[in-house]
Amino acid sequence: YEIFMRQFIFHKVIDHNCFANQVIIATIGVLNWTVQDIKGIDIKTRKILISDIDRLYLQRKDGGRGIKSVESLFESRTLSIRQHLLRNKSRNAILTHISNKENNEIVRVGKKIVLKYEMVDNIEDAPKQMSKRYFVKQRKDLEKRYTEKVMHGYFKRKLESNEIIDLNSSLSRSIDKKVTSHFEGHLSAIHDQEISTKFLINKQDKDSNIAPRCNNKCRLCKVHVEDVNHIISSCSDMSARYYLPLRHDAVGKAVYKAHVCKNNPGVRFKSQEEPEYIYRSNEFEYWWNLSISTITKVPHNKPDLIIWDNNLNICRIVEFSCPSDINIEQKINEKMNNYAPLIRNMQIMYPKYKFVMVPIIVGALGYIPKSLKTNVKELGFNEVETRKLIRKLQNVSVIGTVKICKTFLKFYAGF
């Protein structure tokens with residue numbers, strides 16, 4: 001088992017579930033495993049895949065890392081074997097003999113598991129039904145424990161209570177298997193607020209009753225508290241140098257290139273190619289990051305992207321942003337209010353066109369609002385294209401966030 005775990009390179013979680021676990025599963029009910037032995041295997045696994053214990057075992061669709069605990073597999077298998085013996089022991093002499101022999105082993109351990117999780121113990125239930133009931137109960141307990149954690153469950157708790165967040169689409173990004181376990185582990189550490197921020201170091205020193213090695217102020221701006229939320233979205237000294245090129249512009253370019261390629265199948269962009277300030281193709285005209293001269297002066301006259309549809313006489317003003325996930329609603333309202341004066345002025349200048357404001361907001365950790373799907377469809381994408389583009393925008397955003405955090409932590413912290 002250990003040899004398998006240490007040889008896996010690309011995605012240790014998926015490889016663990018597919019290969020390493022099978023070595024243990026085949027021996028449950030055959031070898032005399034103790035609970036301490038099984039827990040010891042899980043501890044060794046967690047040392048390789050460093051993460052919050054509960055998040056590590058949560059399903060990927062619930063925002064966890066999706067690893068299958070050896071202890072849970074042991075308990076599930078034990079319950080299934082016990083259920084099979086109790087249900088069928090009266091069928092023949094062999095099963096009766098095995099059931100009597102296992103009364104002080106598998107049957108006893110299985111009963112303890114039933115009492116531990118307060119499960120319904122019905123002898124008539126099929127083994128698979130008992131196993132399924134166990135996994136449902138365990139999943140609920142894991143999710144509850146993780147969400148209730150003050151620091152690790154902060155983002156999950158905040159976002160689940162926000163009605164405008166599309167949780168299903170936001171968490172479906174974590175099902176993507178095209179990232180390495182190293183990247184996924186770093187993103188999980190950011191989400192759990194476990195990276196080495198000055199706030200965390202200061203807090204750990206105070207909790208340990210030792211003199212703090214540093215204050216909790218940001219190593220760059222020296223003003224605000226240096227926590228995860230500040231690093232990924234709020235530091236003024238990081239904005240132009242890192243937030244803009246690594247995340248904001250990357251999301252904008254993905255939408256720009258997708259729209260151009262959709263309406264011009266023959267056009268292909270290089271990966272690092274910068275958009276042209278003005279690009280004309282068929283019935284569309286694209287203005288990228290241009291200042292608009294208006295009749296009356298407006299404070300916000302430089303939208304990220306303007307798409308002119310000369311066929312339908314529609315002008316779409318597209319604004320991109322990758323704020324902290326807990327500030328998504330605030331950012332949407334801010335974009336709509338900021339560009340309302342510009343739209344009024346442009347309606348006077350171009351009376352033939354209908355103007356539409358399209359905010360494309362993706363959280364720094366990949367969470368998205370419910371309105372994003374509608375806004376992407378407003379740009380002319382169908383259902384399948386919308387789903388693919390949103391997934392791409394989420395990946396671009398979280399990749400940018402991980403790069404930003406890694407870069408930030410390399411700056412001198414003063415101790």
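A residue counts as buried when its relative accessible area is under 20%, as exposed when it is over 50%, and as partly exposed in between, with a 1.4 Å probe and protein chains only. By that rule Glu118 is exposed, with a relative accessible area of 66%. This is a predicted model, in which local features need pLDDT of at least 70 and side-chain atom pairs count only at pLDDT 80 or more, while totals for chains, interfaces and linings use all residues. Residues are numbered from 1 along each chain as its sequence is written, and side-chain values use heavy atoms, with hydrogens and water left out.

**Loop residues with positive phi**

- Most residues other than glycine have a negative phi.
- Glu118 has a positive phi, near 50°, and is placed in the loop between α7 (106-116) and α8 (127-148), where helices (H or I, at least four residues) and strands (E, at least two) are DSSP runs numbered from the N terminus.
- Lys222 also has a positive phi, near 65°; Lys222 lies in the loop between α12 (198-207) and α13 (228-233) and is exposed, at 57% relative accessible area.

- Strand β4 (residues 314-321) is mostly covered, since eight of its eight residues are buried.
- In a regular strand the side chains alternate between the two faces of the sheet.
- In β4, Ile314, Arg316, Val318 and Phe320 point one way, and Cys315, Ile317, Glu319 and Ser321 point the other way.
- Strand β3 (residues 305-309) pairs with β4 in the antiparallel sense over five bridges, where two strands pair if DSSP finds at least two bridges between them.
- Trp308 has Cys315 of β4 as its bridge partner, and the hairpin formed by β3 and β4 has four residues between the strands, with Asn313 in the turn at a positive phi of about 55°.
- β4 and strand β5 (residues 354-361) run parallel and are joined by eight bridges, and Glu319 stands opposite Pro359 in β5.

**The largest pocket**

- The largest pocket has a volume of about 670 Å³, and of the 29 residues that line it, the closest to its centre are Gln59, Gly66, Ile67, Lys68 and Phe135.
- A pocket is an open set of points on a 1 Å grid over the protein atoms alone, where a 1.4 Å probe fits, with protein on both sides within 12 Å along at least five of seven lines; lining residues have an atom within 4 Å of a point.
- Grid points are joined across faces, edges and corners, and a volume is the space filled by probe spheres set on the points.
- α2 (12-25), α5 (70-88) and α8 each supply at least two residues of the lining, and α2 gives the most, with seven residues.

**Aromatic pairs**

- Rings of Phe, Tyr and Trp (its six-membered ring) pair if their centres lie within 6.5 Å, and planes under 30 degrees apart count as stacked, over 60 as edge-to-face and the rest as tilted; the count comes to 14 aromatic pairs.
- The ring centres of Tyr154 and Phe155 are 5.6 Å apart and their planes stand at 75°, so this pair is edge-to-face.
- Tyr154 is partly exposed at 27% relative accessibility, whereas Phe155 is buried at 0%.
- Ring pairs also link Tyr256, Phe269, Tyr279, Phe284, Tyr286 and Trp288 into a cluster.
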